[in-house]
Amino acid sequence: MIVIAHLSDIHIDGGHRSFERTRTVMDYLEDLPYDLDVVLVTGDIADHALPAEYEQARRLLTSRHPVVICPGNHDARPAFRQFLLGQPESATPINQVHHADELVIALCDSSVSGSDEGFLDDETLVWLEDVLTQTPAEMPVLVGFHHPPALLHVPYIDGIRQFGAERLAALTGRHPNLAAFLCGHAHTPAATTFAGRPLLVAPGVVSTLRLPWERRAHAEDHVHLDQPPALAFHILDSKGGLTTHYRCVNAQSWANRRQPSRT
């Protein structure tokens, strides 16, 4: 079976809190008695898209497991390319493909410069169609990006979701081997469907979204800051079945098990 660790929204900002929460999750993954096929991080790596934030994030996200990363609305493409990917600066979409033994992960850039909303450029959709077309029909493809393209029934998030999603839905219908969509942005574990495929949303590492029916101190109190960081594990079995487990990682329980600090 293929096991993917999926985390999102680490929001490295130069402060202690985001650093410690991300380090807690990465130390937990490093300590697993199992070699993961990939660690997927679906965006909002830096909080202000500053070079120092990306430098710290790059060190934190170094792992014995393969790590693949896509940008979110808090990221900036030029700095993301330079300081995380070691590539020349460019404002073009950051689309990447990762090949595992029996799986392809296509990471699409849904970020829009200067906006919290998401959108897949025509260039990105052409790229994705080519990846799907070039992949053998029996090989499953997981498509990842930051913004969910479907309603999650949380107005705060739905207002800044991925728009123009009917174009992605049309593409999906042409490729039966597109197995699922993986995303972040919402800071809450969620599972729904889009275009007839599973849409699996990773929890936030830095914070957890308050759902509309949960108590809040005031109208703009959108996130819990006291809940532990969390992640998802996606398992793809030999028959094409996809199972997801969500796991909270309590920092206190790992305090005495940490490996040397990633600074």
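Predicted model: local features only at pLDDT ≥ 70, side-chain atom pairs only at ≥ 80, totals over all residues.

Six strands make up an open sheet with mixed pairing, and their order is 4-5-7-9-11-10. At the edges sit strand 4 (96-100) and strand 10 (190-194), each of which pairs on one side only. On average, neighbouring strands in this sheet are turned by 20° against each other, direction ignored.

Strand 4 and strand 5 (residues 103-107) run antiparallel and are joined by five bridges. If you want a spot to look at, find Val97, whose bridge partner in strand 5 is Ala106.

## Helix 4 across the strands

Helix 4 covers residues 122-134 and lies across strand 4, strand 5, strand 7 (141-144) and strand 9 (178-183). Relative to strand 5, helix 4 runs at about 175°. With 13 residues, helix 4 spans 18 Å from first C-alpha to last, close to the 18 Å you'd expect at 1.5 Å a residue.

Which residues of helix 4 are buried? They are Thr124, Leu125, Leu128, Val131 and Leu132. These residues sit on the same side of helix 4 because they cover an arc of only 120° around the axis. Turn to the other side of helix 4 and you'll find Asp122, Val126 and Gln134 exposed.

So what covers the buried residues of helix 4? The cover includes strand 4, strand 5, strand 7 and strand 9, along with helix 6 (165-173).

Notes:
Residues numbered from 1 in each chain as written. Heavy atoms only, no water. Pairing = 2+ DSSP bridges. Helix = DSSP H or I, 4+ residues; strand = E, 2+ residues; numbered from the N terminus. Axes fitted to C-alpha atoms, helices over the stretch in contact; angles between N-to-C directions. Contact = heavy atoms within 4.5 Å. Expected span 1.5 Å × (residues − 1). Buried < 20%, exposed > 50% of the residue type's maximum accessible area, 1.4 Å probe, protein only. Arc of directions from axis to C-beta.
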